[in-house]
Amino acid sequence: MTRMRFLTGTGIVLLLIGGAMQAYHPKLESPPVTAEIQAPDNVKQILRQRCYSCHSNETKLPWYDNLAPAYWIVRSDVLEAREHLNFSTIGAKAEAVQRGMLFESVNTVQLGSMPLPRYLAVHRDAGVTPDELATLRHYLETPPAQASAPAPAAAADTQFQHWIASNGKPMQAEPDMQVQPEWNGVPFLPEYKNWKPVSSTERWDNHTMRQILGNDIALKAIADGKIDNWPDGTVFAKVAWLQQPDGKGGITTGAFQQVELMIKDSKKYASAEGWGWGRWRGDDLKPYGKDAAFQNECISCHEPVAHSDHVYTMPIGGAQ
Ligand code: HEC
Ligand code: HEC
């Protein structure tokens, strides 16, 4: 009997706390949809259903997400997601930019980092189905309707090779430019330009938008098959370019966008899953972020591949 009363008491206290939490309910604004992404209806339909709750100005939360504390988490995810990619405004950008962003999107879905795994854990049927993924890929594999010819991959390759050969100097950079380390102290390693492309996951586009390079230690680990726990000293670089229209309806590699590094040091970077994370953006290679917390973004998005030491790239078949 006393036990019963105790339980009821606890229940009431919990209810009161739960109720009190609802009082703090900062508003989630829905700014107007100024320029929705331009894509066929079947593609938009999938994005609307799977991604718009975070990546658009048309957030519709299920009732249980409207309850604190879930609401606080979802709200901050939505605000951050909109900042990265907003399907309600991206329609104002060039078509090639929209396609480039869709390519990024499909890649994140394919590799399991989107929708956010912590969101899928709660919203079990919110994931992209294999059929939907196929629809998205099919759209991206089809050249834009008015294209006379897709940008020749060879030309983009030449451009990439040229970039490597030119020592990868970000376009207008001063030769004596001093690149600052990241906020977490991770240094910029200009020698990444001399590393080799690492054979990646299935290549289904013409790989003109990003390249993943590995240093000698990475290549040796690949050759030795030691890839589920990369040795200290392994470094990966991911280099990305923006895409731009080639004027003929196709897409060609555009301006240099950013370099990202992952430097393995299991002791030094123990608190960051054993990797030093860094991202340098733009022609002036400005360190990304406002403080060292930027790396949480990297780590959380690489979390789905924690089983492979947080590395996405699967060098099946060895280095090229
Ligand atoms: C629950 C909210 C949520 C959902 C649903 C969601 N995302 Fe995200 N997305 C985020 C957040 C938050 C970020 C910022 C990076 C991070 O913290 O992981 C992000 C980042 C991204 C990025 C990286 C953009 C950049 O800066 O390069 C892409 C691409 C992306 N999401 C695509 C998608 C796609 C495609 C879908 C639907 C299939 C989707 N997301 C669904 C929350 C979400
Ligand atoms: C929105 C999810 C997302 C975020 C945020 C993210 N990454 Fe990645 N990253 C990926 C995916 C997916 C790949 C696999 C290659 C690809 O598709 O581009 C990747 C690949 C890489 C690679 C090549 C090695 C590998 O794992 O394949 C490096 C280096 C890298 N990311 C660094 C970073 C750094 C540094 C940050 C933070 C500043 C970061 N990433 C944030 C999703 C993300």
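Me: What relative accessible area does Met114 have?
Reply: Met114 has a relative accessible area of 25%, so this residue is partly exposed, where buried means under 20%, exposed over 50% and partly exposed in between (1.4 Å probe, protein chains only). The model is predicted, with local features needing pLDDT of at least 70 and side-chain atom pairs pLDDT 80 or more, while totals for chains, interfaces and linings use all residues. Residues are numbered from 1 along each chain as written, chains are lettered from A and ligands numbered from 1 in written order, and side-chain values use heavy atoms, without hydrogens and water.

Me: Which residues coordinate the iron atom of ligand 1?
Reply: His55, through NE2, and Met114, through SD, coordinate that iron atom at 2.0 to 2.3 Å, donors being N, O and S atoms within 2.8 Å of the metal (3.2 Å for Na, K and Ca). The two are 59 residues apart and link distant parts of the chain, with His55 in helix α3 (residues 52-55) and Met114 in the loop between α5 (95-110) and α6 (117-122); helices are DSSP runs (H or I) of at least four residues.

Me: And His55, buried or exposed?
Reply: His55 counts as buried, because its relative accessibility is 13%.

Me: Why call the arrangement around the iron atom of ligand 1 octahedral?
Reply: The six donor atoms around this iron subtend angles of 86 to 178 degrees, which makes the arrangement octahedral (opposite donors over 155 degrees apart, all others between 65 and 115).

Me: Which residues of α10 are buried?
Reply: Phe294, Gln295, Cys298, Ile299 and His302 are buried in α10. Seen down the helix axis, the buried residues of α10 fall within an arc of 135 degrees, so they line one face of the helix, the arc being that of the directions from the axis to the C-beta atoms.

Key. Tetrahedral: all angles 85-135°; square planar, octahedral: opposite > 155°, others 65-115°.
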